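Hi,

Here is the structure we talked about. Please open it alongside this note; what I found follows below.

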Amino acid sequence: MIIMKNVYKKYPNGVVAVNGIDVTISQGEFVYVVGASGAGKSTFIKLMYREEKPTKGTIIVNGLDITKMRSSKIPLLRRNIGVVFQDFKLLPKLTVYENIAFALEVIEESPRVIRKKVLEVLDLVNLKHKARMFPTELSGGEQQRVSIARSIVNSPSVVIADEPTGNLDPETSWGIMQIFEEINTRGTTVIMATHNKEIVNTIKHRVIEIDGGMIVRDEQRGGYNNEN
Ligand SMILES: Nc1ncnc2c1ncn2[C@@H]1O[C@H](COP(=O)(O)OP(=O)(O)OP(=O)(O)O)[C@@H](O)[C@H]1O
């Protein structure tokens, strides 16, 4: 569960990107974060994994007040929150397998456990056959699937995705959405910032709309819209 209470974020340049947000996201929810460019979506979600610290307010993630968390404890928080970016952020010198295994090596899992978990998530994103390739040898959609596999290999309770389909063509984007749906069906909370109206209107989930750093709409919806 993620709880934000009276949260503000003012950047050092004076921009108030988040301007008094109160919100609760329960375990297992799928939430779209929408709004115009510059509305504050990225800042809102960066606050959830302590990429940014609020100027004011409280943020509780799975019972822990992350605003008070020492920097040394942040890696522990990140183990429980997977993050997916628009530009994938894969390590170019590592293979697909190594990119995913890396997240487990840093927490000193045994080689046997690493192999099992990496192959499991590669299977989920349908990329077992490309395990030995390098990111540059993959299409954009394949790279995003690797980055999703990396985000879930530690079995986090939450996956946060910032514009995950922003660099992908429509057909590839639907494939990526299927994977997020599958991850959510397994009980993982998914929080996704997106500009893709077609996706938001077709695969219906809760929508939080941000404008001027405030929540201006919070609409609970569920399931596929088969009329589209
Ligand atoms: N590191 C930063 N330092 C200063 N200002 C920032 C920083 N990051 C974002 N901002 C400003 O905060 C506001 C909100 O930005 P944010 O990236 O959260 O919006 P967004 O809704 O995610 O936009 P987009 O859809 O274009 O990604 C903008 O005015 C932006 O210029």
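M177 counts as partly exposed because it has 18 C-beta neighbours inside 10 Å, and a buried residue would need 20 or more. Bear in mind that this is a predicted model. M177 is found in helix 6. Leaving out residues up to four places away in sequence, M177 touches I199 and I203. P164 is 13 residues from M177 in sequence. In space, the two C-alpha atoms are 9.0 Å apart.

Now the helix itself. Helix 6 covers residues 170-185. It lies across strand 3 (30-34), strand 7 and strand 8. Against strand 8, helix 6 runs at about 150°.

Six strands form an open sheet in the order 6-7-8-3-10-11. The pairing is mixed. Strand 6 (81-85) and strand 11 (214-219) are the edge strands, and each pairs on one side only. On average, neighbouring strands of this sheet are turned by 15° against each other, direction ignored.

V158 stands opposite T189 in strand 8.

Then the core. The largest nonpolar core has 57 residues. Which of them touch the most other members? They are V33, I100, A149, I160 and I191. Helix 3 (residues 96-105) gives the most to this core, with six residues.

I160 is worth a click. Setting aside neighbours within four places in sequence, I160 is in contact with I45, M48, Y49, I81, V83 and I191. I191, one of these contacts, is also among the core residues that touch the most other members.

Last, the ligand. The residues around the ligand are Y11, N13, V15, A17, G35, S37, G38, A39, G40, K41, S42 and T43. Which helix gives the most to this shell? Helix 1 (residues 41-48) does, with three residues. By class, the shell has seven polar, four nonpolar and one charged residues.

For a first look, I would go in this order:

- M177 in helix 6, with its contacts I199 and I203.
- I160 and its contacts, including I45 and M48.
- The shell around the ligand, including K41, S42 and T43.

Best wishes

Methods:
Residues numbered from 1 in each chain as written. Predicted model: local features only at pLDDT ≥ 70, side-chain atom pairs only at ≥ 80, totals over all residues. Pairing = 2+ DSSP bridges. Helix = DSSP H or I, 4+ residues; strand = E, 2+ residues; numbered from the N terminus. Axes fitted to C-alpha atoms, helices over the stretch in contact; angles between N-to-C directions. Contact = placed C-beta atoms within 7 Å. Core = buried A, V, L, I, M, F, W, Y, C linked by C-beta atoms within 7 Å. Buried ≥ 20, exposed ≤ 12 C-beta atoms within 10 Å, placed from the backbone. Near = placed C-beta within 6 Å. Nonpolar A, V, L, I, M, F, W, Y, C, P; charged D, E, K, R; others polar.
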